Amino acid sequence: MIVRDIKQIIGTPKEVFAKEGQWISRRMLLKDDKMGFSFHETIIKANTKTHIHYKNHLEAVYCVEGNGKIEDLKTGKVYEIYNGAMYALNNHDEHNLYGGSEDMRLICVFNPPIKGTENHDENGVYPLED
Ligand code: 9YT
């Protein structure tokens with residue numbers, strides 16, 4: 001069994017910061033944990049915009065605090081994100097993620113798992129490891 005506290009992640013290499021400061025990703029389960037997915041707590045800073053296109057991963061995201069919006073760049077639809085809202089990028093959906101008036105706290109699951117300290121490239125993509 002694996003039991004972890006977020007305090008064990010904060011301040012270590014498993015806490016990853018967006019290059020432009022829009023988000024912080026605390027990686028609580030990674031590929032090496034052999035769960036078949038990775039599990040992150042992500043803080044999206046208020047009043048920010050992040051372009052994301054996970055071409056190599058599926059991601060589900062559950063908001064537990066704060067507010068923001070997600071814009072589906074294929075359809076142009078914009079969805080409110082708030083405590084209790086979930087979205088799943090089941091089609092590798094390209095999107096913009098907006099922090100709202102408060103920081104958002106999100107619980108994120110990636111399949112295949114993120115390996116470690118990956119950051120987004122200039123197109124909002126995580127590389128596929130191996
Ligand atoms: C929600 C989202 O995709 N935010 C960007 C960071 C990512 N979730 C991560 O690495 O935790």
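Predicted model: local features only at pLDDT ≥ 70, side-chain atom pairs only at ≥ 80, totals over all residues.
Local features need pLDDT of at least 70 and side-chain atom pairs count only at pLDDT 80 or more, while totals for chains, interfaces and linings use all residues. Residues are numbered from 1 along each chain as its sequence is written, and side-chain values use heavy atoms, with hydrogens and water left out.

**View 1. Glu41 and Arg105 form a salt bridge.** A salt bridge here is a side-chain nitrogen of Lys or Arg within 4 Å of a carboxyl oxygen of Asp or Glu; the whole structure has 8. In this pair the N to O distance is 2.8 Å. Glu41 sits in strand E3 (residues 38-44) and Arg105 in strand E10 (residues 104-111), 64 residues apart; strands are DSSP runs of at least two residues, numbered from the N terminus. Glu41 is buried at 9% relative accessibility, whereas Arg105 is partly exposed at 26%. (Buried means under 20% relative accessible area, exposed over 50%, and partly exposed in between, with a 1.4 Å probe and protein chains only.)

**View 2. Arg105 also pairs with Glu65.** Their salt bridge spans 3.1 Å, N to O. Because Glu65 belongs to strand E5 (residues 58-65) and Arg105 to strand E10, the contact ties together parts 40 residues apart in sequence. Glu65 is partly exposed, at 42%. Shared partners join Glu15, Arg26, Glu41, Glu65 and Arg105 into one network of salt bridges.

**View 3. Lys45 meets Asp103 in a salt bridge.** Here the N to O distance is 3.8 Å. Lys45 lies in the loop between E3 and strand E4 (49-52), and Asp103 in the loop between strand E9 (95-99) and E10, so this pair connects parts 58 residues apart in sequence. Both ends are partly exposed: Lys45 at 30% and Asp103 at 35%.

Definitions and conventions: Helix = DSSP H or I, 4+ residues; strand = E, 2+ residues; numbered from the N terminus.
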